[in-house]
Amino acid sequence: MLLELFNEQTVKIHQSVKDWIEAGHVAGDLLVKENIVEPKFIDAMIESVKKFGPYIVLTEGVALFHARPNEGVIKMGMSLVVLKEGVSFNVPDKDPVYLIFVLAPENNESHLAALADFAKILEDSEAINKIKNAQNYDEIMDVVKSKLQ
């Protein structure tokens, strides 16, 4: 499922941002440009972190932004931005964050298969490091494919 959600337009590497909010906007904008979410989805995912704290930082160096399907999702999708310099979410044992994922769930169940695939990557720090240091889209997809076989 995860492989179906990424394409060269929804994955960007070597991005520079000033903070976690800009990182969320950059990653969310990739989905807006692909007509996967409406701009209000980005606002909703940023507001969720402001309201509930940095619960989206899942492991060292990795954050997964998301919002509810009714907050602007057009169709299911996922994006990834790999940052040049990590950003802080004020989570000392997991900062800095270099990998910014955005998951746009179409409904309350459709994204579960994608999350199961995503978990296979998260549990492998070597895979995360390879994605962080990838030089192009194909290198990232090679890592994802290797974890899902």
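Modeller: Let's start with two terms: strands are DSSP runs of E with at least two residues, numbered from the N terminus, and two strands pair if DSSP finds at least two bridges between them. This is a predicted model, where local features need pLDDT of at least 70, side-chain atom pairs count only at pLDDT 80 or more, and totals for chains, interfaces and linings use all residues. Residues are numbered from 1 along each chain as its sequence is written, and side-chain values use heavy atoms, leaving out hydrogens and water.

Colleague: Thanks! How many bridges join β4 to strand β5, and which way do they run?

Modeller: In general, strands of a sheet pair through backbone hydrogen bonds, either parallel or antiparallel. Here 7 bridges join β4 to β5 (residues 97–104), and the two run antiparallel. Valine 82 stands opposite leucine 99 in β5, and glycine 77 faces alanine 104 of β5.

Colleague: And what joins β1 to β4?

Modeller: Strand β1 (residues 11–15) runs parallel to β4, with 3 bridges between them. Valine 11 is opposite leucine 80 in β4.

Colleague: What is the order of the strands in the sheet?

Modeller: The open sheet has 5 strands in the order β1-β4-β5-β3-β2, with mixed pairing. β1 and β2 (57–59) are at the edges with a single partner strand each, so one side of each lacks a neighbour in the sheet.

Colleague: Why is strand β4 described as largely enclosed?

Modeller: Buried means under 20% relative accessible area, exposed over 50%, and partly exposed in between, using a 1.4 Å probe and protein chains only. In β4 (residues 77–87), 8 of the 11 residues are buried, so the strand is largely enclosed by the rest of the structure.

Key:
Helices (H or I, at least four residues) and strands (E, at least two) are DSSP runs, numbered from the N terminus.
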